Amino acid sequence: MKTITITYDDKIVRWFLWASVIFGLVGTLAGVFIALELAWWPANAARWISFGRLRPLHTNAAIFAFVGNMIFAGVYYSTQRLTKARMASDLLSKIHFWGWQLIIVGAAITLPLGLTQGKEYAELIWPIDIAVAVIWLVFGANFFWTLAKRREKHLYVALWFYIATIVTITVLYVVNNLAVPVSMVESYPIFGGVQDALVQWWYGHNAVAFFLTTPILGIMYYFMPKAANRPIFSYRLSIIHFWGLVFLYIWAGPHHLLNTALPAWAQTVGMVFSLMLWAPSWGGMINGLLTLRGAWDKLRSDPVLKFFAAGVTFYGMATFEGPLLAIRSVNGLAHYTDWIIGHVHAGTLGWNGFMAAGMFYWLVPKLYGTKLHSRAAANYHFWIGTVGILLYVVSMWVAGITQGLMWRAEQPGGGLEYPNFIETLIVLKPLYWTRLVGGSLYVIGLIMMTWNLVKTAMNGAPAETTVEVPADDLPKNANWKDLVFGKPALVSLVVVALMLAAGFVDAIPASVLIALSVAVAIGGYYLTAKGRSDDKPTWHRLLEGRAGLFTVFTVVAMLVGGVAEIVPTVIATPEATTIQNTPYTALELEGRDIYVREGCYTCHSQMIRTFTWESARYGAVSELQDSAFDHPFQWGSRRIGPDLARIGGKYSDLWHYRHMVDPRQISEGSIMPVYGFLKDARIDADGTAAKMRGMRSVGVPYTAAQIESSASDERAQAAVIASNLAGQGQAGVAADSEMVALIAYLQRVGKNHTAPGESGAAATATASAEGGAR
């Protein structure tokens, strides 16, 4: 057999690896700082470093900078060796690297400046979104080009997960970030209210699934057997693991919106599919851990295997807890509490962080042709990191359960036991300090890892891997018709059709269709297995030789859930003309943009769920139409402060002013940052018309007359609020200040319905006047 010599491009692997190490430190240090801000509010020393602005920076740095660069390092290293081919284009690899780092720098600059879209895990402004899409496509093109040039016909399981990651993230990111720009840094998403909520958590949940999970699973399937010098435990289990995750994960997003205004059928579907995820997720965990069979003795001394084994265990625990939290009753207790924060960080720090550490400790010595500088330091890193995670997660579990129980506690004779929200916050302060200690320990472990890796690299020199690969053409592909019309494909088609139909019917018929699809899947397995010859390759083995067809099947499996959930929600949402709701006035729209800019949605929700104790605390249960014109929606995902869905008219303008200038003056024990700077900042009334035109283009029914008179209407409404403040003893507040605009917005939230013949501006002016009398 003829061979050719190739040299793998490991330079790009080194680049991404060191970028991940650096941004891992940056992202976790940002996390420690915002943890300090919650434990000790004076740490919110300036607007640029307030919790509301830094929290998105922390999440983006951890996800896209730390884990993202780690993924790219692992993918570039393993793909070349699994395909027996150098990456197709060194130029595309370099464009990918530098483009991704520039995106990260752009995020680091814009987010502290308050330039945000206000959507969780998707805060980046529209020009950066476009850059992300372009660079992601560069990465995808380089990857699939390499598959086309591969010298190894069979696609190993790690490559399956990489394929799923690339195609799914492309769809998720593009759909969730569809928006109409109104300036070079501002835009409004095309979806609003319940549509935006569903699309956002379809994206948000599956960003976790297909950015923080599937590529790391691919890395697990490659690096864990390498480190243990053992084959993967079960090839068949890896097939079930892959297709189960790809098909089921995409349906589970609505479990983030249980007990809300989201249609009940969507909530039920999200809960059911979340529970079904237990099976493939734990199948993957078992497959990973049992790969270590016969090598368990190495865990005592080998830090790489320690990190991999613990990382996979954290994956199993997180994927057990996730479906548990998707059960409606459990979610009712946990949602909006710190329990969710503990759950997320168990996965991020334990699964992503420990898998990254294990990969780095295994990879750096090979990339530099030497041995790890200090095994003892790596082992110490493991233990200090583990203790840090446990302190963090357990403290948040306790805090979350405490919050949930206190919010719903009732007195024997009726009424809330803790009617003042601040009571349920003050009790958590010791747990916030514990979380800070745990996070700090984790960062110390990362610092030790960085020192160890740098010393390892200094002890060696960049190494190049040169190998002999077959020069002959790959064997002929299986006939695509045999694969597309084979028994497994046809059975899968029936299952997909049943699942798709479930998204368009009521809850009971949907449950029947889902059960029927499961029965068809089980029966189909036995049908396809019957009569199969052991001396012939299986249908799936043949599919693994056709990268293009494999990718198509993956896309189909992924798209079904999104189409079944999102399309009916978009179709069923009432038209703007039928919604008994009035769009925000020009001034309120400006105030809402300030609310989003300051990250208020990271601490406050605007969704009163279907519980009597929530209604007793906050007011009437939120309805679908309450947020119909919210682009983006503001339902939130956490309550560090009370829900604001019915805040409009509840307090006076002066109360809101004093609350912004000195929160402790209003609520003793509050941890809210000071927003006094808003009274000195000015809004541009002449620029609001462009925003209203942008909102009209996404479906908000502004008239041409309202847009034309926006500047004068805005100034008139602002003058009323400034006059109210002066009449209540707070003279000198500029009518064109951001403070006045924010007060206008807050006085409007939850008061969407106007009296017959009353304009939106007049209604809000009335609310402000009423508030001033309180």
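Leaving aside its neighbours within four places in sequence, which residues is S605 in contact with? In this predicted model, local features need pLDDT of at least 70 and side-chain atom pairs count only at pLDDT 80 or more, whereas totals for chains, interfaces and linings use all residues. Residues are numbered from 1 along each chain as its sequence is written, and side-chain values use heavy atoms, with hydrogens and water left out.

With contact taken as heavy atoms within 4.5 Å, S605 touches Y336, Q634, W635, G636, R638, R639, P642, D643, L644 and A645. S605 sits in the loop between α22 (586–597) and α23; helices here are DSSP runs (H or I) of at least four residues, numbered from the N terminus. The relative accessible area of S605 is 0%, so this residue is buried (under 20%, with a 1.4 Å probe and protein chains only). Its side chain also makes a polar contact with the side chain of D643, at 2.5 Å (N or O atoms within 3.5 Å, one able to donate a hydrogen and the other to accept it).

Turning to the second largest pocket, 44 residues line it, and H604, G641, P642, L644 and H659 lie nearest its centre. A pocket is an open set of points on a 1 Å grid where a 1.4 Å probe fits, with protein on both sides within 12 Å along at least five of seven lines; lining residues have an atom within 4 Å of a point. Helix α24 gives the most to this lining, with 4 residues. Domain 1 (9–460) and domain 3 (577–754) both contribute lining residues, so the second largest pocket lies between them; the domain bounds come from an automatic or database assignment.

Key:
Helix = DSSP H or I, 4+ residues; strand = E, 2+ residues; numbered from the N terminus. Buried < 20%, exposed > 50% of the residue type's maximum accessible area, 1.4 Å probe, protein only.
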